[in-house]
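The following note sets out several points on the structure shown below.

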Amino acid sequence: MQPRNMSMSGVVDLAAVKAAQEAKAKAEQARAESARQGGGGAVSPVDLVIDVDEAGFERDVLQRSAEVPVVIDFWAEWCEPCKQLSPLLERLAVEYAGRFMLAKIDVDANQMLMQQFGVQGIPAVFAVVAGQALPLFQGAASEAQIRETLDQLVAVAEQRFGLTGLTVDPDAEPGGAQSAPAAPAGPYDALLEAAVQALDAGDFGGAVQAYKNVLSEDPANMEAKLGLAQAELLQRVQGLDPQQVRKDAAEKPADVQAQIAAADLDLVGGHVEDAFGRLIETVQRTVGDDRDAVRLRLLELFEVVGGEDPRVAAARRALARALF
């Protein structure tokens, strides 16, 4: 089964908007339910490490990733480095106490999943957060490096998707992590769902308006902010001739609008660093209103990618150097 809502190359993923909204709703529902039951809903430490196959991937990984980041360890019996990495990941899963789950996938028995994730060699470690796949590392890594990676993963899951993890109780019965709670309808779910449907149908103008409707009532709604940034980007590139845009950008480096249009196409194509670098270089070459237009577009593209992305942090620093 092809994993849904996966973004392996950095391409803008429309389904991420819906996944983020559903993930946040489920996380909030789980917290509310736990509080209502006086701390109920806890899972056993045994549930934090699971074996996953192709048949159970959607249930055990994709659906579960709406509540907690799921780290995937691709391994095999014959893989000597795996015999050192896998126990370390299992120990860290328990130590992190529900901030992520570990799903172990035997590549010999699950060749299709290995191919779908583009695994070239093992050990290979990925994560799935709110249905979105993220490559973490491949091959040997030190415990310090792994901890740093996991800390970043946990931070992204909480800041962007509202996932605070699972409550772990050593006395809980094993098996509590097998079914995700149903998410209640939120006050803006209908509008957000309408926006996602408009995106899927290619009605980017309709999606923009739907997200603006949410933000007019709830200016801090992160799902709507992310969705609006993506919808406006896709609306801008709709109907553009990519070859002509890139030709104009190459032949007219001083043409601000040509560079802005090319940066939009770069980002939609998943070339995040190229998009940021193009606009930062344009900022360095321009002054006045032209420079301000480029700076504002760059800030809009930061919103599309997400402020917690390290590429955004690096580009912000480069922009500051270019401006000052």
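Is cysteine 82 buried or exposed? The points below begin with this residue; the model under discussion is a predicted one.

1. Cysteine 82 has a relative accessibility of 2%. Because buried means under 20% relative accessible area, cysteine 82 counts as buried. Cysteine 79, at 3% relative accessibility, also counts as buried.

2. These two residues, cysteine 79 and cysteine 82, are joined by a disulfide, with an S to S distance of 2.3 Å. One disulfide is found when the whole structure is searched. The torsion about the S-S bond of cysteine 79 and cysteine 82 is about 80°, and the disulfide is therefore right-handed.

3. Two packed helices are described by the angle between their axes and the distance between the axes. Helix 6, residues 189–200, packs with helix 7, residues 204–217, at an angle of about 165°, and their axes are 7 Å apart. Helix 6 is therefore roughly antiparallel to helix 7, since angles over 145 degrees count as roughly antiparallel. The crossing of helix 6 with helix 7 is left-handed.

4. On the side of helix 6, this contact is made by Leu191, Leu192, Ala195, Val196, Ala198 and Leu199. Helix 7 contributes Phe204, Gly206, Ala207, Ala210, Tyr211, Asn213 and Val214. By class, the residues of the contact between helix 6 and helix 7 comprise 11 nonpolar, two polar and no charged.

5. Valine 256 lies in helix 10, which spans residues 256–268. With a relative accessible area of 6%, valine 256 is buried. Leaving aside residues up to four places away in sequence, valine 256 touches Thr282, Thr286, Asp290 and Val294. Between valine 256 and valine 283 the C-alpha to C-alpha distance is 9.1 Å, while their separation in sequence is 27 residues.

6. Two backbone features may be inspected individually. Isoleucine 122 and proline 123 are joined by a cis peptide bond, with omega about 0°. Proline 123 belongs to the loop between helix 4 (111–116) and strand 4 (124–129).

7. Alanine 97 occurs in the loop between helix 3 (80–95) and strand 3 (101–106). Its relative accessibility is 40%, so alanine 97 counts as partly exposed.

Definitions and conventions:
Residues are numbered from 1 along each chain as its sequence is written. This is a predicted model: local features need pLDDT of at least 70, side-chain atom pairs count only at pLDDT 80 or more; totals for chains, interfaces and linings use all residues. Side-chain values use heavy atoms; hydrogens and water are left out. A disulfide is a pair of cysteine sulfur atoms within 2.5 Å. Buried means under 20% relative accessible area, exposed over 50%, partly exposed in between (1.4 Å probe, protein chains only). Axes are lines fitted to C-alpha atoms, for helices over the stretch in contact, and angles run from 0 to 180 degrees between N-to-C directions. Helices (H or I, at least four residues) and strands (E, at least two) are DSSP runs, numbered from the N terminus. Angles under 35 degrees count as roughly parallel, over 145 as roughly antiparallel, 65 to 115 as roughly perpendicular and the rest as oblique. A crossing is left-handed if the near helix is turned anticlockwise from the far one by less than a right angle, and right-handed if clockwise. Contact means heavy atoms within 4.5 Å. Ala, Val, Leu, Ile, Met, Phe, Trp, Tyr, Cys and Pro count as nonpolar, Asp, Glu, Lys and Arg as charged, and the others, Gly among them, as polar.
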